[in-house]
Structures are given as structure tokens and as C-alpha cells.
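Here is a short briefing to read alongside the model.

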Amino acid sequence: MTPPRLASPLTSVLNFLLPVLTTAALLAIWEGLSASGALPAEIPPVSDVGAWLGDNAGAGDLWTAVGQTLGHWAVALLAGVVIGTAVGGAMAAIPVVNELLVGVVEFLRPIPVVVYLPIMLLMLGATSEVVVWLAAVAAVWPMLSQTFYGVRDVDPVSRDTARVFGLTTAQRLVWVTAPSVLPYVSTGVRIASTITLLVAIAMELIGAVPGLGATLGTYAANGVYDAMYGVIVLTGLLGVVLNAAFERIERRALRWHASHRTRNA
Amino acid sequence: MLSVTHLRKTYGSGGQAVEAIRDLTLTVGKGEFVCIVGPSGAGKTTLLKCLCGLLAPSDGTVTLDGEPVTGPPKAMASVFQDYSRSLMPWFSVERNVGLPLRNKHRSAADRAKRIEGALAAVGLESFGSRYPWELSGGMQQRVAIARGLAYEPEILLLDEPFASVDAQTRADLEDLILRVREATGVTMLLVTHDIDEAVYLADRVVVMSARPSVVVETVAVDLPRPRDQVATKSLARFAELRAHVLRLIRNTADQPAPAAPAAVTGAAHED
């Protein structure tokens, strides 16, 4: 979604300014509607939300919740990436594994993880484990399919080259297969990261597990609407920041890839 | 010496079986430059894959210095037509050239020396730290050739190596290959559909028929060396050889495959 970089200073200013303008316009409309009384009391003016965020930027409680959510996110994403990549890779590379798992995977994949929540809450209580487990399950699927198609898509000429020059199985895996699959995996990680964050917050909210989700739920239940929207804004920002961080890492790791090559050749 | 005896390769089985190669027998002597030409659709790439141990022949044998080829031999290197896919875009030119050396040379200094030497042999000594995709097509194919040379093979297999570059680059690369061969004495087996190229480069030209392939004729090329793009191609003998090979290919391409030359040793391919 990064706008293409254009040469002229005017266009580069516009490239930066236009998305900001949209956001500013939306916020202005929100503020205007609140001021005119068109919005119900459950939607406070955006200035109130901003003020709450400003007042609470240094609040320990809020940052504890952010930390808890990020903790859930990190562990779940790591587990999902490891499991999804391993299973997807094995399914793509070993026909028997694919035959054994394809039915189960196709059955389980479309099931939204929230359906497991009640049983998990019964078994484990409203704990971090529940959030991490469910978010990890949600993260597995994009990793699994991205890795699967990545491994299937390794160029046969690269494969032949590696074999002709006598590379060992381990060398082929590290020097040929892994770099070929990396673009797919890194897209998978970005998708999985977003899904993991969404699921983690949703499970915290529904299951009242400490984290941004539960904080949001508490404010909503008590009618503290400026705080509730403040937390929503915060979750949105969290998603943007994480995505930007992954895009940055991807650009560095995949600078050889056609989509990231600089035009100074 | 590379020796191919009654090689047959069939893909699939039963009614859907496709016979790519019916019966090929040929030898490539040490230090020789042999070109294989055939009409498009002849099993040229299949043949090379059988020779370098990527494909198992359905019948017949491939031996390199008396050893049967069952997997990619250490004494053999390959240059593929599609350089952009054969070079790894995630590795620099140096690392691409050095890719196959890890298993041959333990010491990093040894490997660096060989990489440097191979890049110098193809005139790319100052491009080691670049990435393949930063280079032109012809330069990329030179990197692939350097990789083959760095492997220090006895025989280098080249699968239509110059088919994806422009005419001028192609002539340059042909001369580069001839110089490399002069300098290193490495045996060359080059597959091409370009008759001029085959006659210009080779000591012997093996003419293959269309599928199912057999050897139509092996033409000895008695042109003087060193060869020169202008002088050699102006020789009357060049024109004769070229016309002869062209005639062979046109004849085989026109004929329905089963009627292909009687030169084939008969019996074996009935079933």
C-alpha cells in the first residue's frame, strides 16, 4: 500500500499529504457531527478521544494492557509461523504428508477460531494461554498456505542447477529452497501478524483476558466512551506500526526480489 | 570420455507414453568440442538431462570415464539456457559462482581464488559483488559459464546457452567459449538448434532427428582453428558443412518419425 515514489518534489509532497488529508477530513467530519448533535452519546467528539489519549499516554495501566496484548501477539505469531511453515513446507515437499493432512487442513481452515473459545475457557479459564492458543491457530493458516505455494513454486531450473552442481539436501534447502520461499513466507507473516493481533484482542475482549481487549470491554461496559474509542485508536495504531515494521524488514531481507529492486542497475 | 550407448527415454507409460529418444549412441572424446543439433522438438534437453544424471534413461547407458552416470557427476558442469532462472537472484555474482565449490574446496581462500579466476576468464573480474539481475543478459550468461568453469569439470554441458541473447552478444559468447576451451582444454558438449553456431564451434556435429530421436549423422568439422566469426564463416567449406547439416535436419524434420534413418541399430526398439 506504500504509494509509488515519484521524482518531482511536488508529487512527493502530495504523496505524503493526500492520505493525511483523507484522515484529517474524516476526523473533521466526526468532530463536526458530534458538535451538531447528530451523533448519539455513545460516540463522543473526536477531540474528547484525543484528549483522553493525551491524558493517558503516560498511564501505567494502559501500557500494561498494551504489553499483555503484544505478549499474546508475539508468542502466538511465533508459534503460528513455526507450525504453519513446517507443516506447509512438509505438505508441499512430501506427497505422503500432503495426502495425510490435506483433508484435515481443508476442513479446519475455514472454521473461525472463536468457536473454540467456550471450550477453551471451560478447560483453561480466562487465561493468557487461551488467547495465545487461539491466536496461534489463526496464524497457522496463512503461513501454511503461503509456505505450501512457495515451496511448490521453487523454480525447476534452480532445482536442477542445485542438483547438477552436487549440492547436498541441506545446502539445497538453505541456499535454494529457503530464499525462493522467503517472499511467500514474509507475505504470510504480515498477514498472520494482522490476524494474530485481531484474534488476540477479540479473545481478550470476549473472554475478559487481561490485555487491550479486556480494557476495551471494561470501558465499553461502564460507558466510558472516550476511553473506549481511545483504546480502539490505540489498537489500530498498533496494527499499523507492526505492519510497517514487517514491511521494513521485508524490504531489507528481499532487496534482491523483483518487487524490491532499486533502479540503480 | 563421455559415452552414450543406445540411450532411450520414454515419458509416461501405456497408451500415453511419449518416446522422446529412441536410440542414441555417441561419444565425446577428452578435449573435444561436440555440438548436438536437431529440429525443435527433438529430445535435446531430455538428452542433456540424461547425460548429466538428472533423468534416468529408460534404456541404454551413459558413462563418464567408464563410470556409469546415475546422478550428477562431480566431473561435469552445466550451463542452462535460462540464465536468469539458473542464477540465484539472492546471491551476488561471486556467491553464485562459488555456489558449487563448497563441497569441492574446504578452504575459503581456495574458493575465492577459483571464483576470481573463473570471473577473469569470462571478463567479469570487477562484477563479483554485483547481483545477477543488475547485469545484462549476456553478462548473466557469462556468470553462469564462470560458475561452470569454477567447478573445474572435465566436461561442460551447455543447453542452448546463447538462445536467449541478441545476435551480437551471441557471437561474443561463442568466441568466449572457444577461448575458454583453448585456455582450459575442458571438453564441451553444446546443444543448439542453430546450425551456424554448431558448425562454427564444433569439432564434430551430431545431427539428431525429430522425436523419437535417433542420430542421423555425425559430421566431422574440418575447419581450421582458431575460428573467427568473419573469416571462418566466409570459407567455402563452412558453407558446405552448413548446407549439409541443414539438409540432414530438413530431411529428418519432414519425414514421419518412425521412418527415420536406417543407420539405427535395428532390433531393440520394437517393444
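In chain B, the end C-alpha atoms of residues 2-235 are 31 Å apart, and this span is 32% helix and 26% strand. According to UniProt, in an unreviewed entry, residues 2-235 of chain B carry the feature "domain: ABC transporter". Do keep in mind that this is a predicted model. The points below turn to chain A.

**Fold of chain A**
- Chain A contains ten helices and zero strands.
- Following the sequence, you will read the pattern α-α-α-α-α-α-α-α-α-α in chain A.
- The C-alpha trace of chain A covers about 75 × 60 × 30 Å along its principal axes.

**Annotated transmembrane regions**
- An unreviewed UniProt entry gives the feature "transmembrane region" for residues 12-30, 73-101, 113-144, 197-221 and 227-246 of chain A.

**Burial and contacts in chain A**
- Of the 265 residues in chain A, 31% are buried.
- Which share of the contacts in chain A between residues at least 6 apart in sequence joins residues at least 24 apart? That share is 72%.

Terms used. Residues are numbered from 1 along each chain as its sequence is written. Chains are lettered from A and ligands numbered from 1 in the order in which they are written. This is a predicted model: local features need pLDDT of at least 70, side-chain atom pairs count only at pLDDT 80 or more; totals for chains, interfaces and linings use all residues. UniProt positions are given in the numbering used here, feature names are shortened, and annotations may be inferred rather than shown by experiment. Helices (H or I, at least four residues) and strands (E, at least two) are DSSP runs, numbered from the N terminus. A residue is buried if 20 or more other C-beta atoms lie within 10 Å of its own, exposed if 12 or fewer, and partly exposed in between; C-beta atoms are placed from the backbone. Two residues are in contact if their C-beta atoms, placed from the backbone, lie within 7 Å.
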